[in-house]
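Please consider the structure shown below. The paragraphs that follow lead through it step by step.

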Amino acid sequence: GGSAGDFVGNQVYSNPTGIYLSSGSSSLISNLIYENTNIGVYITSGASEKELLNNTIYQSVGTAVQVVGSATNVHLYNNILWSDIGSILNIAASAQSGFRSDYNLFYRGESDAATIGLWGTTIMTDLAAWQTASLQDGNSLVDDPRFLDINGADNILAYKNVPQGDGSDDNFSLAANSPAIDRASAYHSALTDALGRNRQDDPSTANSGIGWDLFVEQDEGAQ
């Protein structure tokens, strides 16, 4: 799904920067972006109307999403954003125009060493402070997303330049009772997941997101 300029369903890992966006409008939808050495997603001057929807972004070190320069109208919804050491979000003062963020799941790792974000030059270590400073993420939360096995059967996370083992078996699927299940916003979500499968409701999990009970796919014909 998405327009010709969108990035949909990719697996990006073991680069200095996972995805770099510097011009035009496009969306990142249902991508897995992880273990890049510095930044997961970097958005800079010239970028506008960027939407990050339903992505999983993990940084053991560094920043999950950084928005700088004159980037405008960047929107983050329904993402799982995790950093162990560093900042999950870094939104420069010059890039705050039109910034929107909500229904995300933040995780600061087992040690809580990472910060939720920088809003300009102000550092926030907890979600409440981030919400107060940015006026965003009112429906987001902080919790362990409970991935099944992020370093796979070979116990090698991403590409490590070793004789055996790589990122092909890394499993970021959600385990049972993950706090990310059934809590997104349907109004900011693709109809299918990263594997192209239709979205499914987990009957054992109460819906704490928005819109799914009323959301009905409809063909509106040619535009």
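Leaving aside its neighbours within four places in sequence, with which residues is Gly69 in contact? They are Ser45, Ser94 and Ala95, where contact means heavy atoms within 4.5 Å. The model is a predicted one, in which local features need pLDDT of at least 70 and side-chain atom pairs count only at pLDDT 80 or more, while totals for chains, interfaces and linings use all residues. Residues are numbered from 1 along each chain as its sequence is written, and side-chain values use heavy atoms, with hydrogens and water left out.

Gly69 lies in the loop between β8 (56-67) and β9 (75-77); strands are DSSP runs of E with at least two residues, helices are runs of H or I with at least four, and both are numbered from the N terminus. The relative accessible area of Gly69 is 24%, so this residue is partly exposed (buried means under 20%, exposed over 50%, partly exposed in between, with a 1.4 Å probe and protein chains only). Between Gly69 and Ile91 there are 9.5 Å in space, C-alpha to C-alpha, although the two are 22 residues apart in sequence.

The largest nonpolar core has 28 residues, and Ile43, Val65 and Trp130 touch the most other members. Such a core is a set of buried Ala, Val, Leu, Ile, Met, Phe, Trp, Tyr and Cys residues joined through side-chain atoms within 4.5 Å. At least two of its residues come from each of β3 (17-21), β6 (39-43), β8, β10 (80-91), β13 (115-119) and α1 (127-134). Another core, of twelve residues, lies apart from it and includes Tyr34 and Leu105.
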